[in-house]
Amino acid sequence: MMDNTMKQLLRRLIRRIPAQALPSTLAKWGRLTAAQRESIDFTQPKWTLAEKLLDICEENGWTVKHVTELEMTYIIDNPNHGMWYALQLMDPEDDAQSVELTQFKEQFKSHLTELMKPVSLKIKKHTDEAVWIRIAWGENFSRPNHLKPTYVVHHLQTPYVFVTSLTSKQKPPLFQALVLSTRHQNVKDANLSGRNLTAIRAMLMRQYQQVFPSNHPSPLPGKSQKYSNPNIENEQAELAEKRLHLACEAFGGGTLPQLQSATYNLETKFKDPTNKTMTEREEPLRCLVRFTSTNLLESFRQCASSGIASTPVTPLLSSIVLKGRNHFVITDNGPGQASQTKLQQN
């Protein structure tokens with residue numbers, strides 16, 4: 001007899017997966033026989049499909065473990081949902097680079113289950129070498145809650161970890177298990193987050209075309225601006241090409257990671273000798289500036305290359321790519337470390 005959690009999880013998952021993706025996702029799951037797949041009418045409403053799959057699960061004696069495998073299959077192929085936060089492992093030990101998958105899995109499971117009980121873990125290596133971890137947390141000795149799992153993505157031999165749906169209470173055991181199993185001393189917030197895992201991973205791991213400074217920039221392939229008006233002077237064309245090169249130098253060339261936001265917290269003392277009330281305040285003035293776009297880096301690059309924004313690009317904007325961050329605190333002393341990013345999914 002299937003428990004209620006398994007039924008809820010499967011029904012919710014079927015609602016979440018787009019109808020056109022269901023056949024391929026179920027095929028990748030690998031649990032259904034060819035005859036079972038053929039018996040499913042994918043033109044039916046999703047609630048009917050869910051009940052059909054529940055019947056198959058019951059016939060095969062499958063448990064919630066098998067349904068979580070289906071969830072992982074879908075999430076790994078469609079990672080750009082929810083809010084992802086980047087972490088950076090610090091101070092590697094001498095043998096950190098030698099940690100391989102089997103060793104990492106054993107150590108991570110051992111440490112996390114020792115630190116947090118009960119907990120349910122599923123670890124899978126993807127074809128792009130990323131290690132995916134699904135964690136269902138229990139609380140006060142209750143059963144693990146599979147309806148609110150945490151996902152963790154880590155590329156071995158790199159200092160970067162990406163997490164989603166993590167609460168403040170779950171952070172300490174996860175962080176400790178990560179540093180122990182990867183042979184590091186500490187882990188910190190990388191101050192980079194977004195709903196597009198592919199984008200923030202590309203930012204930190206430099207998986208995009210970078211353009212390096214040059215005193216004599218040559219035309220960028222496929223990016224040269226053409227002018228049909230013969231009266232435009234060569235000097236204007238050269239300035240346009242220089243703006244384009246500086247924009248690409250600041251944000252990258254080619255296709256850019258689809259970062260969707262950047263946040264700046266401004267903290268400054270009020271300076272006006274004619275207004276002693278404000279000037280003598282101990283507390284600084286604070287405000288928040290947030291840029292949002294479907295592709296923020298592309299928007300900034302277009303503004304700089306078209307002349308809407310000045311070039312060279314201000315470090316306040318170019319630091320997004322240079323430092324791989326999208327959370328900053330700006331003080332009277334210049335850009336500082338961003339405040340601790342909340343890792344809880346809203």
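**Exercise 1. Work out the strand order of the open six-stranded sheet, and find its edges.**

Step 1. Define the parts. Strands (E, at least two residues) and helices (H or I, at least four) are DSSP runs, numbered from the N terminus. Two strands pair if DSSP finds at least two bridges between them.

Step 2. Read the order: β2-β3-β4-β5-β1-β6, with antiparallel pairing.

Step 3. Find the strands that pair on one side only: β2 (119-125) and β6 (184-194) are the edges.

The model is predicted: local features need pLDDT of at least 70, side-chain atom pairs count only at pLDDT 80 or more, and totals for chains, interfaces and linings use all residues. Residues are numbered from 1 along each chain as its sequence is written, and side-chain values use heavy atoms, without hydrogens and water.

**Exercise 2. Describe the pairing of β3 with β4.**

Step 1. Take β3 (residues 130-137) and β4 (residues 150-155): they are antiparallel, over six bridges.

Step 2. Locate one bridge. Ile135 has Thr150 in β4 as its partner.

**Exercise 3. Which strands does helix α5 lie across?**

Step 1. Contact means heavy atoms within 4.5 Å. Helix α5 (residues 64-77) lies across β2, β3 and β4.

Step 2. Helix α5 runs at about 135 degrees to β3. Axes are lines fitted to C-alpha atoms, for helices over the stretch in contact; angles run from 0 to 180 degrees between N-to-C directions.

**Exercise 4. Which strands does helix α8 lie across?**

Step 1. Helix α8 (residues 197-204) lies across β1 (84-92), β3, β4, β5 (160-164) and β6.

Step 2. Its angle to β6 is about 125 degrees.
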